[in-house]
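Here are some notes to read alongside the model, written for someone meeting it for the first time. Please keep the viewer open as you go through the points.

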Amino acid sequence: MTGFLFELSFWLAAPVWLVMLFAPSWPPTSRIAASPLTVVPVLLVWLTLAVPVAPELWAAVSSPDVDVFRDLVATSNGEGAVWAQVVAWDLLIGQWMFLEARRLGISPLVMGPLMVLTILLSPIGLPVFLVVRAVAGGTPGHRTARRQKAVTLP
């Protein structure tokens, strides 16, 4: 059962990733990406896996220790719960990146590979996106400077 739930967490997130990757201009895609509810099914899988190991999970997060964490993920439910949490987090990061890219007009041809990188390794995909975003003028400082420049021009 745990193996099934482990895989299910990914398959529950996959449709959202697929529409962001392959149908970025389809009107419902932006609405889907804007909804935090997309992670609810994955979080239900997390809950199912986490409840049986709740004491071990609490011990691992309330007083972080590598040996306690190793013991948690050595259990199939602990491993599955951590995986489901990673899948949910990566999906939220991907949705934010998608919406930011749309807002800034970053091409889907740029975002496609970046989104795949984020699916696979979000700790690399997110910083790369932040650089792309800064270059595209998406940082708060750039927006303020643009607004100020627009105000001062005749």
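1. In this predicted model, the axes of α6 and α7 come within 10 Å of each other and cross at roughly 50°. Here axes are lines fitted to C-alpha atoms, for helices over the stretch in contact, and angles run from 0 to 180 degrees between N-to-C directions. α6 and α7 are therefore oblique to each other; angles under 35 degrees count as roughly parallel, over 145 as roughly antiparallel, 65 to 115 as roughly perpendicular, and the rest as oblique. The crossing of α6 and α7 is left-handed, a term used if the near helix is turned anticlockwise from the far one by less than a right angle, with right-handed used if clockwise.

2. Which residues meet between α6 and α7? From α6 come D90, I93, G94, W96, M97, F98, E100, A101 and L104, and from α7 come M111, L114, M115, T118, I119, S122, G125, L126, F129, L130 and R133. Contact means heavy atoms within 4.5 Å. Sorted by class, the contact of α6 with α7 has 13 nonpolar, four polar and three charged residues. For these classes, Ala, Val, Leu, Ile, Met, Phe, Trp, Tyr, Cys and Pro count as nonpolar, Asp, Glu, Lys and Arg as charged, and the others, Gly among them, as polar.

3. Take a moment with M111, which sits in helix α7 (residues 108-135). M111 is buried, with a relative accessible area of 6%; buried means under 20% relative accessible area, exposed over 50%, and partly exposed in between (1.4 Å probe, protein chains only). Setting aside neighbours within four places in sequence, M111 is in contact with M97, A101, I106 and F129. Between M111 and A101, which are 10 residues apart along the chain, the C-alpha separation is 7.4 Å.

4. The crossing of α3 and α6 is left-handed. On the α3 side the contact is made by V42, L43, V45, W46, T48, L49 and A50, and on the α6 side by N77, G80, A81, A84, Q85, V87 and A88. By class, the contact of α3 with α6 has 10 nonpolar, four polar and no charged residues.

5. What about the start of the chain? The axes of helices α1 and α2 (residues 27-34 for α2) come within 10 Å and cross at roughly 135°. α1 and α2 are therefore oblique to each other, and their crossing is left-handed. V16, V19 and M20 of α1 make the contact with T29, I32 and A33 of α2. The residues of this contact divide into five nonpolar, one polar and no charged.

6. P15 also belongs to helix α1 (residues 2-22). Is P15 buried or partly exposed? P15 is partly exposed, with a relative accessible area of 45%. P15 and T38 lie 23 residues apart in sequence and 9.6 Å apart in space, C-alpha to C-alpha.

7. V73 is in helix α5 (residues 66-73) and is partly exposed at a relative accessible area of 26%. Leaving aside neighbours within four places in sequence, V73 is in contact with G78, E79 and V82. A59 lies in helix α4 (residues 54-62) and counts as partly exposed at 33% relative accessibility. The C-alpha atoms of A59 and L72, 13 residues apart in sequence, are 8.9 Å apart in space.

8. Finally, the whole chain. The secondary structure comes to eight helices and zero strands; helices (H or I, at least four residues) and strands (E, at least two) are DSSP runs, numbered from the N terminus. Of the 154 residues, 34% count as buried. Among contacts between residues at least 6 apart in sequence, 67% join residues at least 24 apart. The accessible surface comes to about 9,200 Å², of which 73% belongs to carbon and sulfur atoms; the areas come from the Shrake-Rupley method with a 1.4 Å probe, and for residues only the protein chains shown count as cover.

9. A word on conventions. Residues are numbered from 1 along each chain as its sequence is written, and side-chain values use heavy atoms, with hydrogens and water left out. As this is a predicted model, local features need pLDDT of at least 70 and side-chain atom pairs count only at pLDDT 80 or more, while totals for chains, interfaces and linings use all residues.
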